[in-house]
Amino acid sequence: MGKASSPRRVGDNEALAVGNSIRGSAQKLNLVAQLIRGKKAEDALNILSFSKKSMAKDVSKVLASAIANAENNHNLDVDALIVHEASVGKGLTMKRWKARARGRSAKIIKPFSRVRIVVREHEEEEA
């Protein structure tokens, strides 16, 4: 017996990519995700490539993966893709300690985040 196929979590005209363990806070990652929500996939890649935010590089990798999934796995038209959803969530948090003066210590928190990008094939309405 093989692995049972799980049902698709997205629609027939959608493709999904998830980036787990992206180093940085979810709040900062959400600022980058806001830039691309609802945009065409090609425009979103351009926006991310010229963004000064350091997390834009990680988000562009996930977006490129979603576009590749749409093209190779679901046979969708790459030119008609839009970013339907770009959601951000908290991941794990590494906790470290730093020595301070007079025998004390301070907590260092190193957060990780996850981003989920869904691209959808947009049908052009004929006028």
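Mentor: Happy to! The buried residues of α3 pack against β1, α1 (26-36), α2 (41-49), β2 and β3 (105-121). Keep in mind that this is a predicted model.

Trainee: In what order do helices and strands follow each other along the sequence?

Mentor: Start with the inventory: the protein has three helices and three strands. Reading along the sequence then gives the pattern β-α-α-α-β-β.

Trainee: Which residues of α3 are buried, and how wide is the arc they fall within?

Mentor: The buried ones in α3 are A56, V59, S60, V62, L63, A66, I67 and A70. Looking down the axis of α3, you find these buried residues lining one face of the helix, because they fall within an arc of 160°.

Trainee: Which exposed residues does the face of α3 turned away from its buried side carry?

Mentor: Think of the buried side of α3 as packing against other elements, including β1 and β2. On the face turned away from that side, the exposed residues are K57, K61 and N72.

Trainee: How far does α3 reach from its first C-alpha to its last?

Mentor: Count residues to begin with: α3 has 17. At 1.5 Å a residue, the expected reach is 24 Å, and the model comes close to that. From first C-alpha to last, α3 reaches 24 Å.

Trainee: What does I36 touch, leaving out residues up to four places away in sequence?

Mentor: I36 is among the core residues that touch the most other members. With residues up to four places away left out, the contacts of I36 are A44, L48, V59, V83, A86 and I117.

Trainee: Is E14 buried or exposed, and which side chain does its own side chain contact at 2.5 Å?

Mentor: E14 sits in strand β1. Its relative accessible area is 7%, so E14 is buried, the cut-off being under 20%. The side chain of E14 reaches the backbone nitrogen of G11 at 3.0 Å. At 2.5 Å, it makes a polar contact with the side chain of R120.

Trainee: What is the phi of N75, and is N75 buried or exposed?

Mentor: Most residues other than glycine have a negative phi. N75, in the loop between α3 and β2, is not a glycine, yet its phi is positive, about 55°. With a relative accessible area of 67%, which is over 50%, N75 is exposed.

Trainee: Which strand holds S21, a residue with phi near 55°?

Mentor: S21 has a positive phi in a residue other than glycine. Its place in the chain falls among residues 14-23, which make up strand β1.

Trainee: What radius of gyration does the whole protein have?

Mentor: A compact globule of 127 residues would come out near 14 Å. The C-alpha trace spans about 75 × 45 × 20 Å along its principal axes, and 28% of the residues count as buried. The radius of gyration of the protein is 18 Å.

Note on methods: Residues are numbered from 1 along each chain as its sequence is written. This is a predicted model: local features need pLDDT of at least 70, side-chain atom pairs count only at pLDDT 80 or more; totals for chains, interfaces and linings use all residues. Side-chain values use heavy atoms; hydrogens and water are left out. Helices (H or I, at least four residues) and strands (E, at least two) are DSSP runs, numbered from the N terminus. Buried means under 20% relative accessible area, exposed over 50%, partly exposed in between (1.4 Å probe, protein chains only). The expected span of a helix is 1.5 Å times one less than its number of residues. The arc is that of the directions from the helix axis to the C-beta atoms. Contact means heavy atoms within 4.5 Å. A nonpolar core is a set of buried Ala, Val, Leu, Ile, Met, Phe, Trp, Tyr and Cys residues joined through side-chain atoms within 4.5 Å. A polar contact is a pair of N or O atoms within 3.5 Å; within protein, one must be able to donate a hydrogen and the other to accept it, and residues adjacent in sequence count only if both atoms are side-chain atoms. The radius of gyration is taken over C-alpha atoms; the globule rule is 2.2 Å times the number of residues to the power 0.38.
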